[in-house]
Amino acid sequence: MESKRLQFYGLYLTRFAGGFGFITLITLLPEYINLIDPQDFALPFLGLTLSAGFVIGMYTTGFTLAQTVAVVPLAWAGDRYDKRLVLLGSLLVGVVAYALFPLLDTGAPGASLLFILARALQGVAVTGASLMSLSLVGELADAGTRANHIGKANAANFASSVLGSLSAGALYELLGFTPIFSLIVVLLSVATGIVWLFVSPDRTRVKGFPFSDLALNRRIITVSSFRAQYAVAVTLVRTWVPIYAGVSAASGGLAYGALAVSVTVVTEKFCNMLLQPHTGRLSDRYGRALFVFVGGGLYGLIALAVPFSPAIGASLGAPTELPFLGALTPAFLPLAVLSGLLGIADSFREPASMALFADEGSGGKGVASSFGIRELVWRPGSVVGPLLGGWLMAEVGMEWVFYVGGASAITGVLTMLGVLAYHNGTGVRALTEW
């Protein structure tokens with residue numbers, strides 16, 4: 001029992017370390033854009049000149065593309081061989097990636113290319129560590145405690161996001177790039193050592209290509225009918241809540257300062273972090289589908305309310321002066337509360353959804369491939385979402401980003417409910433069969 005507890009703690013630490021590195025780089029990305037000149041960047045081996053906008057886009061897209069390409073081979077390797085070894089390899093790739101960032105010569109002509117390559121390595125590391133750590137947690141946990149343990153793993157990830165969001169900018173101002181990334185390298189190295197010492201080798205071996213079997217699994221297809229639409233919702237809402245808080249009124253936003261914007265972001269993550277272990281435990285007791293349905297539906301309804309923050313604040317007489325934040329409009333507190341409610345709603349959905357994929361892949365069927373399918377289903381919506389949001393913001397109005405995001409979540413849960421009712425019957429049984 002003690003050995004299993006140490007293994008869980010080691011895997012939770014990998015989630016914390018990976019999340020801290022990811023959020024720190026996201027926080028410092030504007031600083032790199034300012035330091036690395038993306039203007040008229042030429043590919044030395046092709047002689048092509050790329051626009052600054054394309055290069056800046058690749059700072060993010062290089063990471064996302066690497067993640068997408070890495071999902072299938074890493075998940076297959078995890079099921080075919082030892083997940084622990086794949087996890088260790090992913091952590092070591094992360095150590096190399098984060099060690100490269102402070103070494104970039106920002107004045108060199110090839111700095112943009114090196115930065116994109118380092119981001120690609122980071123994408124591989126983040127994908128491998130996330131897939132393998134969740135797969136190992138799912139296999140270590142008993143079926144009756146699986147969502148609870150996955151909720152704890154996610155809580156560790158959210159804790160690092162909260163800490164990283166609040167500390168990265170301040171640490172950069174005080175110390176610069178090198179000490180921050182040195183801290184990440186040390187943290188990942190410690191996580192690697194703990195996994196090596198305390199996490200037992202994975203004895204499960206799945207031959208063949210489990211993706212093909214799991215892709216036809218009825219429960220995975222059912223939850224994917226929701227997840228594909230929900231990806232658009234979450235990508236839009238999570239991305240545009242800070243945009244809505246921070247951009248100018250002329251662009252449809254509230255024009256708050258950086259600290260106020262960070263409060264809206266951290267509130268969502270903090271509430272999600274606190275509740276996931278508890279909602280996961282409830283999902284273990286009462287079923288997966290019910291919690292996915294309730295969490296997804298609430299998320300959509302709350303998202304629809306975000307553009308009404310100014311009206312809600314005005315009607316309630318919300319304060320316009322808060323400690324440390326200075327002068328604000330009455331919309332701030334309602335927006336912060338709605339952001340926290342978004343985190344609460346998603347805390348119902350996420351551990352239940354992850355545990356369902358772990359349930360279906362465990363027992364030698366391919367838990368890493370099951371999580372890989374979950375990741376792939378998310379990809380199209382996460383790519384289309386920002387493009388759609390940018391168009392809506394520029395051509396229709398900022399509020400329509402949240403209307404479309406909320407509607408996507410609601411249509412997602414209704415689609416899933418329809419599939420459940422078709423297979424399991426109408427009424428309560430549709431949501432409590434599994």
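**Helix H10**

I began with helix H10, which covers residues 288-305 and holds 18 residues. From its first C-alpha to its last I read 26 Å, close to the 26 Å expected at 1.5 Å a residue. I note here that this is a predicted model.

Next I asked which residues of H10 are buried. The list runs Arg288, Ala289, Phe291, Val292, Gly295, Gly296, Gly297, Tyr299, Gly300, Ile302 and Ala303.

**H10 against H12**

I took up the pair H10 and H12. Their axes are 8 Å apart, and the helices pack at an angle of about 150°. Angles over 145 degrees count as roughly antiparallel, so H10 is roughly antiparallel to H12. I logged the crossing of H10 and H12 as left-handed.

I wrote down who makes the contact. From H10 come Arg288, Phe291, Val292, Gly295, Gly296, Leu298, Tyr299, Ile302, Ala303 and Ala305. From H12 the contributors include Leu338, Leu341, Leu342, Ala345, Asp346, Phe348 and Arg349. Ala352, Ser353, Ala355, Leu356 and Asp359 of H12 also take part.

**Helix H3**

I turned to helix H3, residues 83-100. Its 18 residues should span 26 Å at 1.5 Å a residue, and I find its end C-alpha atoms 26 Å apart, which agrees. What sits at its N-terminal end? Asp82 caps it, with a side-chain oxygen 2.9 Å from the backbone nitrogen of Arg84. I listed the buried residues of H3: Lys83, Arg84, Val86, Leu87, Leu88, Ser90, Leu91, Gly94, Val95, Ala97 and Tyr98.

**Thr192**

I found Thr192 in helix H6, residues 177-198. Is Thr192 buried or exposed? Its relative accessibility is 11%, so Thr192 counts as buried; the cut-off is under 20%. The side chain of Thr192 reaches the backbone oxygen of Leu188 at 2.8 Å. Setting aside neighbours within four places in sequence, I see Thr192 in contact with Leu88, Leu91 and Leu92. I had already listed Leu88 and Leu91 among the buried residues of H3.

**Thr24**

I moved to helix H1, residues 2-35, where Thr24 is found. Thr24 has 1% relative accessibility and therefore counts as buried. Where does its side chain reach? I traced the side chain of Thr24 to the backbone oxygen of Phe20, at 2.7 Å. Not counting residues up to four places away in sequence, Thr24 touches Gly164, Ala168, Ile180 and Ile184.

**Tyr32**

I stayed in helix H1 for Tyr32. Tyr32 is at 1% relative accessibility, so I put it down as buried. Beyond its neighbours within four places in sequence, Tyr32 is in contact with Leu25, Phe101, Pro102, Leu104, Phe115, Phe177 and Phe181. I also checked Tyr32 against Ser200. The two are 168 residues apart in sequence and 39 Å apart in space, C-alpha to C-alpha.

**His423**

My last entry is His423, found in helix H14. How exposed is His423? Its relative accessible area is 35%, so His423 is partly exposed. I then looked up the separation from Thr222, which is 201 residues away along the chain. The C-alpha atoms of His423 and Thr222 are separated by 9.9 Å.

Definitions and conventions. Residues numbered from 1 in each chain as written. Predicted model: local features only at pLDDT ≥ 70, side-chain atom pairs only at ≥ 80, totals over all residues. Heavy atoms only, no water. Helix = DSSP H or I, 4+ residues; strand = E, 2+ residues; numbered from the N terminus. Buried < 20%, exposed > 50% of the residue type's maximum accessible area, 1.4 Å probe, protein only. Polar contact = N/O pair within 3.5 Å; in protein donor to acceptor, adjacent residues only side chain to side chain. Contact = heavy atoms within 4.5 Å. Expected span 1.5 Å × (residues − 1). Axes fitted to C-alpha atoms, helices over the stretch in contact; angles between N-to-C directions. Parallel < 35°, antiparallel > 145°, perpendicular 65-115°, else oblique. Left-handed = near helix turned anticlockwise from the far one by under 90°.
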